Amino acid sequence: MSEAKTPTPTPAGDTYKGWVFKWTNYIKGYQRRWFVLSNGLLSYYRTQAEMGHTCRGTINLATATITVDDACNFVISNGGAQTYHLKASCEVERQRWITALELAKAKAARMQAESDDSGDDFSPSSAPVAPGQGGGSQNSEVQSALRTLGSKVEDLSTCNDLISKHGSALQRSLSELDSLRLTGEAGDKIRQVTERATLFRITSNAMINACRDFLTLAQAHSKRWQKALQAEREQRVRLEETLEQLAKQHNHLERAFRGASQANATADNKSAAGPGKGEASDEDDDNEFFDAMEEAPEFITVPADPQFHKRSSSNISGFNSEMCPDDQSLNEEPLAMTHESSSQELVPLKKRRTRIPDKPNYSLNLWSIMKNCIGKELSKIPMPVNFNEPISMLQRLSEDLEYHELLDKAAKCQSSLEQMCYVASFSVSSYSTTVYRTGKPFNPLLGETYELDRRRESGYRSLCEQVSHHPPAAAHHVISDRGWTLRQEITVASKFRGKYLSIMPLGTIHAIFEKGNNHYTWKKVTTTVHNIIVGKLWIDQSGEIDVVNHTTGDRCHLKFAPYSYFSRDVARKVTGVVMDKDGKAHYVLSGTWDEKMEFSRVMQSSRGGENGTEGKQKTVYQTLKAREVWRRNPLPEGAETMYYFTALALTLNELEEGVAPTDSRRRPDQRLMEDGRWDEANSEKQRLEEKQRSARREREREAASQRTSSQSEEAVDEDSLTDPSLKSAPHDNYQALWFESCEDRITGEQVHIYKGGYWEAKDRGSWEGCPDIF
């Protein structure tokens with residue numbers, strides 16, 4: 001197996017990196033890994049492209065031991081917890097790494113020893129005397145420079161020890177060579193001397209490089225010290241001039257006061273004393289205000305301080321702009337809202353429940369289910385509530401708002417690319433509630449609704465309605481007072497694959513923001529339920545989605561990696577890249593859909609790294625330090641006995657006054673299951689499903705009769721209601737109550753969009769148009 005020549009490790013300041021072979025296991029043996037030595041830490045990656053996001057391991061050299069096995073092998077261990085068996089391509093390369101590791105180890109040991117005495121570096125003598133003087137910052141800068149120079153001196157001392165060590169070994173080899181006779185061993189000894197001479201040359205080069213770094217650093221700091229010294233001298237001259245002027249003024253005031261006290265009552269003395277007072281007071285006033293206006297800025301160094309504050313403020317604004325420039329305004333918004341609407345402060349927020357009855361430990365009798373299937377149509381087979389959880393699919397859709405604050409922050413962003421990071425993270429966060437939720441939600445009845453009014457707590461109102469039954473489709477609309485709207489219509493398709501069940505949500509999710517009028521769309525990935533027949537159920541999310549901003553053309557491609565037993569990647573991993581309309585990458589998203597998401601700003605991108613499976617080079621993004629944008633909330637205490645519901649899910653089925661008669665909270669079979677009365681819930685579930693079938697047959701008959709009367713020239717076969725081909729025709733005239741069907745102007749899909757009226761009907765308490773479905 002041919003392999004490209006391993007590149008020589010290259011030092012970059014205090015960083016040393018290169019390819020080294022690392023022992024993995026007895027099957028794969030040594031594998032090439034990219035090692036990086038920096039700040040006393042030795043880290044390794046599979047490829048150079050992983051440096052920005054995935055570190056495979058790190059060892060601290062301060063407490064590590066470095067041993068050499070043979071010409072190319074060496075071992076790094078920190079006492080048993082971590083041990084790296086490494087192999088270089090040749091002895092020269094191995095010695096380069098040994099020298100760099102010993103230098104880094106010595107430096108890390110010094111830093112660890114000095115960490116206990118770090119308080120001495122910030123003694124009261126180095127503290128700034130006054131905020132405007134800047135003496136403290138200059139003193140700390142000098143102390144930092146001195147510590148750096150001292151570190152370089154220690155590096156030179158370590159190199160000196162290594163040179164002495166290798167020099168002694170070289171001298172011994174030369175002495176042995178001189179004492180040898182011309183025998184067969186002469187060639188081996190000559191080669192040994194040559195190798196040791198090469199090692200001595202490598203160590204000497206390391207010392208020369210350390211000396212060069214020392215000189216460069218000293219020269220750079222010497223210029224700064226000269227400027228600082230010159231500034232101190234000029235300031236000292238100004239202080240001396242100021243003191244001299246103050247002394248003259250003090251002497252003049254003493255003479256004026258003395259002359260005024262000795263004045264007699266004569267007019268000449270008064271007239272002589274008067275101008276003296278006037279001159280003294282005028283000069284005093286002029287000098288006082290003149291000195292305050294001129295000397296104070298020079299003493300406080302006004303030209304430097306405003307630039308410093310300007311730099312600080314610009315850095316702060318730039319720092320916030322990476323995330324969201326108005327994060328501070330988000331924290332202040334509740335205060336502003338309560339200040340404007342003081343009348344609402346008097347109304348306490350409703351206390352939501354934090355527990356539901358524990359899940360009963362009922363055994364599932366598969367034979368009783370199979371027995372009910374005999375002689376019945378598949379559509380009429382009742383599935384017991386044992387497979388369910390006590391919430392409906394409409395409530396599960398509302399659970400997407402668990403992390404609505406991501407959209408609140410997105411609405412405050414100035415940049416559409418930063419806003420895209422929040423929207424993409426929101427699309428991932430909706431799956432975090434499904435990690436342990438293996439129960440199936442109740443299928444909503446046609447016309448069933450669910451409202452989630454969190455306007456006073458979180459600023460949004462949510463409404464869901466089951467708008468179709470064949471195929472089942474639910475429409476969802478959310479409006480927020482914080483500048484965003486969310487809508488979606490989801491139809492679920494499923495396929496049974498034997499060992500697992502694939503659930504494929506069909507439909508598009510829309511997020512619209514008032515600021516900038518940015519309109520985002522994305523779809524959901526495939527949910528897979530494993531071990532349907534045998535074993536413990538577990539859920540995985542896999543697939544790829546594109547979050548698109550149709551206003552600006554920005555796009556974020558997210559990839560949900562499917563779980564693989566043989567993969568070394570983190571389980572449930574999600575990665576994505578935020579690009580503008582021209583395809584330029586600006587942010588990289590990474591994390592897991594069950595835990596957290598982070599984003600990093602892209603500074604530079606290039607083609608590099610190892611070739612992919614199709615021979616294409618991977619894109620390498622050079623990013624800034626990753627920042628966390630979303631983290632999953634911990635589950636409530638005792639969640640394992642409450643269907644693994646989140647804090648929000650526990651409140652979804654809580655009874656509330658004023659909701660519509662069709663609200664899922666009023667569904668009897670779901671309520672019975674929550675209360676632990678599963679047998680009664682199964683009976684009630686069968687009754688509701690049969691009632692829904694009867695209502696559907698009635699609508700079909702009405703539609704057929706209307707079609708017959710309106711189209712008298714076309715005869716309708718009397719067997720049309722039993723003909724399967726005609727049964728599939730869309731002759732059900734059902735129309736949703738709160739949503740209307742139309743063509744989406746963005747996607748071109750036929751969707752249901754909220755037409756209004758629900759919240760107004762709730763305020764009036766008028767629900768005349770609601771069907772009787774329960």
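Me: Which residues are linked in a network of salt bridges?
Reply: This is a predicted model, in which local features need pLDDT of at least 70 and side-chain atom pairs count only at pLDDT 80 or more, while totals for chains, interfaces and linings use all residues. Residues are numbered from 1 along each chain as its sequence is written, and side-chain values use heavy atoms, with hydrogens and water left out. A salt bridge here is a side-chain nitrogen of Lys or Arg within 4 Å of a carboxyl oxygen of Asp or Glu. The residues linked in such a network are Arg352, Arg454, Glu457, Glu656, Asp663 and Arg665.

Me: How many salt bridges does a search of the whole structure find?
Reply: Side chains of opposite charge can pair when their charged atoms come close. One of the pairs is Arg355 with Asp358, whose closest N and O atoms are 2.8 Å apart. For the whole structure, the search gives a total of 40.

Me: How many residues apart in sequence are the parts tied together by Glu674 and Arg353?
Reply: The side chains of Glu674 and Arg353 meet in a salt bridge, at 3.0 Å from N to O. Glu674 belongs to helix H14 (residues 668-674) and Arg353 to the loop between helix H7 (342-345) and helix H8 (366-372), so the separation of the parts they tie together is 321 residues. Helices (H or I, at least four residues) and strands (E, at least two) are DSSP runs numbered from the N terminus. Both Glu674 and Arg353 are buried, and the sequence separation asked for is 321 residues.

Me: Is Thr646 buried or exposed?
Reply: Thr646 lies in the loop between strand S25 (627-631) and helix H13 (647-652). Leaving aside residues up to four places away in sequence, Thr646 touches Glu399, Glu402, Thr433, Arg437, Leu635 and Pro636, where contact means heavy atoms within 4.5 Å. Since the relative accessibility of Thr646 is 9%, this residue counts as buried.

Me: Is H10 roughly parallel or roughly antiparallel to H11?
Reply: Helix H10 (residues 405-412) and helix H11 (residues 416-429) pack at an angle of about 170°, with their axes 8 Å apart. Axes are lines fitted to C-alpha atoms, for helices over the stretch in contact, and angles run from 0 to 180 degrees between N-to-C directions. Angles under 35 degrees count as roughly parallel, over 145 as roughly antiparallel, 65 to 115 as roughly perpendicular and the rest as oblique. H10 is therefore described, relative to H11, as roughly antiparallel.

Me: Which residues does a cis peptide bond join?
Reply: Most residues other than glycine have a negative phi, and most peptide bonds are trans. In this model, Pro471 is placed in the loop between strand S12 (460-469) and strand S13 (472-480). With omega at about 0°, the cis bond joins His470 and Pro471.

Key: Buried < 20%, exposed > 50% of the residue type's maximum accessible area, 1.4 Å probe, protein only.
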